[in-house]
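Here is a quick tour for anyone meeting this protein for the first time. Have a look at the model, then read on.

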Amino acid sequence: MKKDFYEILGISKSATPEEIKKAYRKKAIEFHPDKNPGNKEAEEKFKEAAEAYEVLSDANKKAKYDQYGHQAFDGGGYGGGQHMNMDDIFSQFGDIFGSAFGGGGFSGFGGGGGQRRVKGSNLRIKVKLTLEEIANGVEKKVKVKRKVQAKGVTYRTCPTCNGSGQIMKIANTILGRMQTAATCHICSGSGQILDQKPAGADAQGMLLEDDTVSIKIPAGVVDGMQLKVANKGNEAPGSNSIPGDLIVAIEEIEHEFLKREGENLHYDLYISFPEAALGVSKEIDTVSGKVRIKLEEGIQSGKILRLKGKGIPSINSYGNGDLLVHVNVWTPKTLNKEQKQFFEKMLTDENFIPKPEKSDKSFFEKVKDMFS
């Protein structure tokens, strides 16, 4: 079972962004591979801290985590669903360590001279899902256009930064001369520049290619939720670069009959006067197929039938919501002569005079029950 992100960093849910950053820096320095060479346990804790910081430092991800827990990012390596690798950690969060590991730079896994691995840009797509796909989970194959390094492209050491990825600057301040490190503007911090490129490649040795990506979407996702497929974004120039990620935004397709409210579903069932009076068996739609329900004779309009577990699964694996069937007795808008005569006779029939029982809840009581 995955550890709680707040517990990993040793902070509370009310921690400020600065407190979250400070707590991560403390943990990361404590378990950094350079301080714990060959220590697998320290390496795992280092990864856990980075994984927790990746989510809690992002306001949108933090809100989803607070609401749904780890399940908000599960389903095939999206977001916090799996351990990050060392390259991801060093490329994304290296600046947090400051000078803790050698002169204004970040050594990277296994040591080094400040050069960082450049990460490619992220790609974003929308995936439309039916209510049935959301209820059951689904694997989607999508085509995306990605920038990839052209075959045969070569890179050489950047002459401006000598492969370090950084340029040292001296500035005169009121405190005296101060040395600062800035990302090399020629190689963007990769320490490499283009040497040879194949025909058709752009100025950075990249090509735009079609790629088919398989996305495993867990059951219970909500409209607007974003999933991450690691390393399926654009590649970056350089022999030591890593690809960006593919960000998948979920878009829910409106169902013809079912209306979603969180994990519960609502269904409007219309029946006739005779069906309400005599009772009837009806077939209705659910996200797992059609089911048949029996309505007792004398059922009232506004009655709500609850079908347990026939709703949407919780993204946190807390079980399924329910399907609420709203019974509506349909009143015909026009009557023929014979029908009118029948109902005129029934106006004075005692059996047709409304006599609500105490057990018959009012509309407001039903609404209250729905939200309680």
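## Before you start

This is a predicted model, where local features need pLDDT of at least 70, side-chain atom pairs count only at pLDDT 80 or more, and totals for chains, interfaces and linings use all residues. Numbering starts from 1 along each chain as its sequence is written, and side-chain values use heavy atoms, with hydrogens and water left out.

## The whole chain

The protein chain has nine helices and 15 strands. Both are DSSP runs numbered from the N terminus: helices are H or I with at least four residues, strands are E with at least two. Of the chain's 372 residues, 39% count as buried, meaning under 20% relative accessible area with a 1.4 Å probe, protein chains only.

As for contacts (heavy atoms within 4.5 Å), take those between residues at least 6 apart in sequence: 67% of them join residues at least 24 apart. The accessible surface comes to about 21800 Å², and 50% of that belongs to carbon and sulfur atoms; the area is from the Shrake-Rupley method with a 1.4 Å probe.

## A three-stranded sheet

Three strands line up as β1-β9-β8 in an open sheet with mixed pairing. At the edges sit β1 (123-129) and β8 (226-229), each pairing on one side only. From one strand to the next, the twist averages 30°. Strands pair here if DSSP finds at least two bridges between them.

β8 runs antiparallel to β9 (residues 246-252), and four bridges connect the two. In one of the pairings, K228 has I247 in β9 as its bridge partner.

How do the axes of α3 and α4 cross? Helix α3 (residues 40-56) and helix α4 (residues 59-68) have axes, fitted to C-alpha atoms over the stretch in contact, that come within 6 Å and cross at roughly 105°. That makes α3 roughly perpendicular to α4, a label for angles of 65 to 115 degrees.

On the α3 side the contact is made by E54, V55 and L56, and on the α4 side by K61, K62 and Y65. By class, that gives three nonpolar, no polar and three charged residues.

Is I134 buried or exposed? I134 belongs to helix α6 (residues 131-136), and its relative accessibility is 0%, so I134 counts as buried.

Leaving aside residues up to four places away in sequence, I134 touches L129, A219, G220, V221, E252, R260 and I312. I134 and P313 are 179 residues apart in sequence, yet 8.6 Å apart in space, C-alpha to C-alpha.

Methods: Buried means under 20% relative accessible area, exposed over 50%, partly exposed in between (1.4 Å probe, protein chains only). Axes are lines fitted to C-alpha atoms, for helices over the stretch in contact, and angles run from 0 to 180 degrees between N-to-C directions. Angles under 35 degrees count as roughly parallel, over 145 as roughly antiparallel, 65 to 115 as roughly perpendicular and the rest as oblique. Ala, Val, Leu, Ile, Met, Phe, Trp, Tyr, Cys and Pro count as nonpolar, Asp, Glu, Lys and Arg as charged, and the others, Gly among them, as polar.
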